[in-house]
Amino acid sequence: MAEAMVLCRVPRWSVRLWASPGWWRTTWTLRALVRPKRGPGCPGGASGPLACRMFSKVSSCPPEVMLTQERYPVQRLPFSVVSEEDLAAFERMVPGRVVTDPEVLEVSNVDWLRTARGCSKVLLRPQTSEEVSRILRYCHERNLAVTPQGGNTGLVGGSVPVFDEIILSTALMNQVTSFNSVSGILTCQAGCVLEGLSRYVQEQDFVMPLDLGAKGSCHIGGNVATNAGGLRFLRYGSLRGTVLGLEVVLADGTVLDCLTSLRKDNTGYDLKQLFIGSEGTLGVITAVSILCPPRPQAVNVAFLGCPGFAEVLQTFSTCRRMLGEILSAFEFMDAECMQLVQQHLHLASPVQESAFYLLVETSGSSTGHDAEKLGCFLEQVLGSGLVTDGTVATDESKAQALWALRERITEALSRDGYVYKYDVSLPVERLYDLVTDLRARLGSQARHVVGYGHLGDGNLHLNVTVDAFSTALLDTLEPYVYAWTAGQRGSISAEHGLGFRKRDALGYSKPPHAVQLMQQLKALLDPKGILNPYKMLPTQA
């Protein structure tokens with residue numbers, strides 16, 4: 001199975017739809033522009049965070065990222081420091097896979113957003129759970145802190161060291177163990193890249209139950225460890241439902257084999273749920289068993305323009321009512337997002353200028369049935385004025401081109417300056433109010449305040465771009481954003497996790513007794529606190 005993202009060319013297209021009877025059956029004229037498909041933030045044809053950083057170092061020489069310990073008020077815990085004797089021991093455990101080259105470590109020490117940077121002096125690349133076990137057993141005995149790292153595509157500083165923690169990479173743990181073509185159950189190692197797994201199961205007429213903009217780089221183990229949501233959440237739900245089993249190595253090296261492939265198992269506590277979303281703080285996920293749904297035979301993508309957020313909400317209600325079981329995604333982005341995508345990525349909008357844009361995807365088993373339902377829905381929303389313009393794609397490559405407008409927003413934002421990112425869950429009717437309020441609060445302090453996300457899940461991605469990081473602006477944003485979200489009984493992290501940046505804001509979403517219980521679980525499973533320290537849980541006095 002090929003794990004690396006394949007560079008390919010995706011046509012960009014535009015089809016104008018008119019609100020007249022039978023318009024969706026019209027023969028459409030396509031105008032195509034060929035552009036390379038790129039990973040997040042990568043110039044040219046480079047793909048993924050590593051390629052992006054290597055390319056950018058040559059082409060633009062970005063400024064060095066400030067050390068996390070200098071940017072944020074954090075104190076190193078009393079862990080041991082890696083010695084020459086430790087390096088020799090690791091070399092015996094994983095011969096030839098102990099990395100101390102500063103240039104390689106620089107990439108692994110810096111997060112994808114280039115806002116967090118550790119100073120680890122060693123990276124380990126195990127290939128098996130047994131090797132992970134030996135490494136953690138040794139680190140536990142020596143009191144050496146460890147940062148598990150997958151594709152390093154996280155957005156909250158959870159996958160890079162804060163100080164000099166050992167980086168434990170799962171990149172070489174990239175084998176598929178088994179796939180059952182009857183049940184659709186896939187078992188694989190944690191380092192398998194999501195896009196590679198997607199191609200693998202698609203060849204057998206199935207799909208992965210999650211899809212992310214970072215799929216060309218992120219690892220399935222990291223996806224599970226952060227309980228990633230993504231673009232298919234509306235249709236297939238959370239990883240808490242689709243992950244059937246896990247193999248996890250605990251802090252002391254114990255291998256916990258709960259790698260079941262059973263749909264139903266009602267015996268005792270469901271221990272895998274402890275590790276889904278635990279961000280590597282309770283154990284290192286080394287293998288995953290996951291349920292893959294059958295590949296839809298008919299997929300349609302519509303890209304629509306709406307005059308206001310009230311119309312966005314009404315369109316969503318109409319969509320759920322009329323499309324029902326075939327609705328698989330409902331994404332939104334505001335006008336400023338589209339402007340940034342056009343400005344920095346040179347992608348053209350396929351619809352006329354609008355206040356908001358929607359991407360609606362349907363997935364089903366009957367081309368004719370789905371097309372008829374989608375056509376009736378589009379005729380309804382265009383005829384009622386909820387939608388002012390739109391395009392539709394039924395071909396996969398053209399659908400990907402429409403998805404690129406939504407998926408590459410993060411890339412466009414990263415090119416606009418320093419980005420303050422927030423990922424919150426809110427009642428859908430209040431989803432955009434936070435963006436409006438924040439624009440008024442910040443005024444000219446920000447270059448852009450934008451909102452986009454998974455409307456179908458009530459998940460807002462709120463982003464603020466500025467010329468450079470400012471502690472004063474951070475103080476203006478936080479805890480204001482968290483308090484605002486808590487006031488609506490929302491969550492301060494819908495899908496990105498807490499990582500390093502949001503750990504002290506956990507109390508805005510969880511009551512004190514819940515936080516205390518989390519800390520007790522951490523102490524039970526990792527009494528020395530060596531696994532991904534300084535992450536997820538609040539700082540303890």
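## A tour of charged spots and packed helices

Start by selecting arginine 408, which counts as buried because its relative accessible area is 10%, under the 20% cut-off. Keep in mind as you click around that this is a predicted model. Glutamate 411 makes a salt bridge with arginine 408, and their closest N and O atoms are 2.9 Å apart. Glutamate 411 is buried too, with a relative accessible area of 1%.

Why might such a pair form? Side chains of opposite charge can pair when their charged atoms come close.

Next stop: lysine 215 and aspartate 211. Their side chains meet in a salt bridge, at 3.6 Å from N to O. Lysine 215 has 14% relative accessibility, so it counts as buried. Aspartate 211, at 13%, counts as buried as well.

Now pick arginine 439 and aspartate 334. Here the side chains form a salt bridge of 3.1 Å, N to O. Arginine 439 sits in helix 16 and aspartate 334 in strand 13 (residues 327-334), so this pair ties together parts that are 105 residues apart in sequence. Buried or partly exposed: which is arginine 439? At 27% relative accessibility, arginine 439 counts as partly exposed, while aspartate 334 is buried at 1%.

For a trio, select Glu64, Glu106 and Arg117, which are linked in a network of salt bridges. The count for the model comes to 21 salt bridges.

Now for a charged residue without a partner. Select lysine 421, in strand 16 (residues 418-425). Lysine 421 is buried but has no salt bridge. How far away is the nearest side chain of opposite charge? That is aspartate 423, and the distance is 9.6 Å. What lysine 421 does have is a polar contact of 2.5 Å, side chain to side chain, with asparagine 463. Show its surroundings and, beyond its neighbours within four places in sequence, you'll find contacts including Leu113, Leu155, Tyr452 and Lys502.

Go back to helix 16 (residues 433-442) and colour helix 18 (residues 480-487) alongside. The two pack at an angle of about 145°, with axes 11 Å apart. Among the residues making the contact are Leu434 and Leu438 of helix 16, and Tyr480 and Trp484 of helix 18. The crossing of helix 16 and helix 18 is right-handed.

Last stop: helix 6 (residues 194-202). Its buried residues include Leu194, Leu197 and Val201. To see what covers the buried residues of helix 6, show strand 7 (176-180), strand 8 (185-189) and helix 7 (220-225), which are among the covering elements.

Notes:
Residues are numbered from 1 along each chain as its sequence is written. This is a predicted model: local features need pLDDT of at least 70, side-chain atom pairs count only at pLDDT 80 or more; totals for chains, interfaces and linings use all residues. Side-chain values use heavy atoms; hydrogens and water are left out. Helices (H or I, at least four residues) and strands (E, at least two) are DSSP runs, numbered from the N terminus. Buried means under 20% relative accessible area, exposed over 50%, partly exposed in between (1.4 Å probe, protein chains only). Lys and Arg count as positive and Asp and Glu as negative; His and the chain ends are not counted. A salt bridge is a side-chain nitrogen of Lys or Arg within 4 Å of a carboxyl oxygen of Asp or Glu. A polar contact is a pair of N or O atoms within 3.5 Å; within protein, one must be able to donate a hydrogen and the other to accept it, and residues adjacent in sequence count only if both atoms are side-chain atoms. Contact means heavy atoms within 4.5 Å. Axes are lines fitted to C-alpha atoms, for helices over the stretch in contact, and angles run from 0 to 180 degrees between N-to-C directions. A crossing is left-handed if the near helix is turned anticlockwise from the far one by less than a right angle, and right-handed if clockwise.
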